[in-house]
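These notebook entries record what I looked up in one structure.

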Number of protein chains: 2
Amino acid sequence: MKISKRSKIPEATITRLSVYSRYLKRLDKQMITTISSSEIAEGVGVSSAQVRKDLAYFGEFGTKGVGYNVNDLIRYLVKILGLNVDWNMLLVGAGNLGAALVTYHEFKDRGFYITGVFDNDVTKIGTKILDMEILSLDKMPDIIKKYNVRIGILAIPPQAAQAVADLFVKNGLEAILNFAPININVPKNIEVRNVDLSIMLETITFSLAGKK
Amino acid sequence: MKISKRSKIPEATITRLSVYSRYLKRLDKQMITTISSSEIAEGVGVSSAQVRKDLAYFGEFGTKGVGYNVNDLIRYLVKILGLNVDWNMLLVGAGNLGAALVTYHEFKDRGFYITGVFDNDVTKIGTKILDMEILSLDKMPDIIKKYNVRIGILAIPPQAAQAVADLFVKNGLEAILNFAPININVPKNIEVRNVDLSIMLETITFSLAGKK
């Protein structure tokens, strides 16, 4: 079976692979060694055809009539998702959201580490969130170099987002997780994911509005 | 043109409608009155065929060769998304993330109001985030009734998420925005959206892993 080019894989498939890998890790902890696509499907709430289609993008995994080896499949998925290595990130914005991100345990569990926290508020610089000292923005190049950082997180008000995104790009970061509710403009080779909480709520209100 | 059933509309379309509506509101503020699908497309970074397809789910909006009336289109989109009314929400979890959500201005701008903040930590109950007093969970039915709340936000550790989700369902909430990195089980008629930040990062690392 032909393996698809990375750029041709739908984002929704990647999201589901991420969900599958979590579920499989849970099974692995319970000493379950083999699983069928329909069992994965039931466990995560999608159709088994969808599971097979998602995995088929990356070649042939399972054995017909036997299913998937849980351990092998985890190893494949982790590699596909780039999680066979740790990822160092830096965070700009030491407000409530920034503090929530620094203390978000799930990041470390999946191999994501915040290795620098920055703010432009002089009353915050030098103080700490957990054991992370809040740094001024001019320390960014040092941290990027020291920890080989490729991902920047924007947890700042919208009016400051573009300037910091520009700074990320200038300093060689390759990806941005943006919590500011604004579109940032960056070169095409920079990966951007926007976490817009209002938009998520609007998919809810769309559904609720149809009910009453 | 036939208008599609609400349940048949892809979630990705709803998300884009939400993005279009933001963009159009910005144009409206700049006194722009008419716009083509290709201008919307360029403004938000999708193809113009996609814009036309997304809007076509809801009937015929534009005038051929003239484009869309910005004001009319905003009004339609706002109604489709259920944003012609305000939505009261309650929040469980008064930690860093909870505080970030209470202070998230974008919610109010879009008509989302957090009308109750709850925690089970007795050292937090009675204290405030901004002007919101943190309440004990047994006050939930009163707040739901008083503010006609239909949406609950879970900003608590994963191990507590299912119990609070059950409480939401028992108290008649119809939708849950879940920040806990765990799948919650609720009846099928309850709308759930999971905000899993690691999964978003994994769509980034998937792309970066293909680059180096």
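The entries below set out the conventions first and the findings after them.

**Conventions.** I worked from a predicted model, in which local features need pLDDT of at least 70 and side-chain atom pairs count only at pLDDT 80 or more, while totals for chains, interfaces and linings use all residues. Residues are numbered from 1 along each chain as its sequence is written, chains are lettered from A and ligands numbered from 1 in the order in which they are written, and side-chain values use heavy atoms, with hydrogens and water left out.

**Entry 1: salt bridges.** I searched the whole structure and found 18 salt bridges over all chains (a side-chain nitrogen of Lys or Arg within 4 Å of a carboxyl oxygen of Asp or Glu).

I looked up D54(A) and R16(A), whose side chains form a salt bridge at 2.6 Å, N to O. D54(A) lies in helix α3 (residues 48-56) and R16(A) in helix α1 (residues 11-29) of chain A, so this pair ties together parts 38 residues apart in sequence. I took helices (H or I, at least four residues) and strands (E, at least two) as DSSP runs, numbered from the N terminus. Both D54(A) and R16(A) are buried; buried means under 20% relative accessible area, exposed over 50%, and partly exposed in between (1.4 Å probe, protein chains only).

**Entry 2: between chains.** I noted a salt bridge between R22(A) and E202(B) at 3.6 Å, N to O. Because R22(A) lies in helix α1 of chain A and E202(B) in helix α9 (residues 197-209) of chain B, the pair joins two chains. R22(A) is buried at 17% relative accessibility, and E202(B) is buried at 0%. I also recorded that R22(A), E106(A), R110(A), D196(B) and E202(B) are linked in a network of salt bridges.

**Entry 3: within chain B.** E11(B) and R193(B) form a salt bridge, with their closest N and O atoms 2.7 Å apart. It links helix α1 (residues 11-29) to strand β9 (residues 191-194) of chain B across 182 residues. I found E11(B) partly exposed at 38% relative accessibility and R193(B) buried at 8%.

**Entry 4: helix α7 of chain A.** Which residues of helix α7 (residues 140-147) of chain A are buried? They are M140(A), I143(A) and I144(A). An α-helix has 3.6 residues a turn, so residues three or four places apart point the same way. The face turned away from the buried side of α7(A) carries the exposed residues D142(A), K145(A) and K146(A). N148(A) follows α7(A) and has a positive phi, near 50°.
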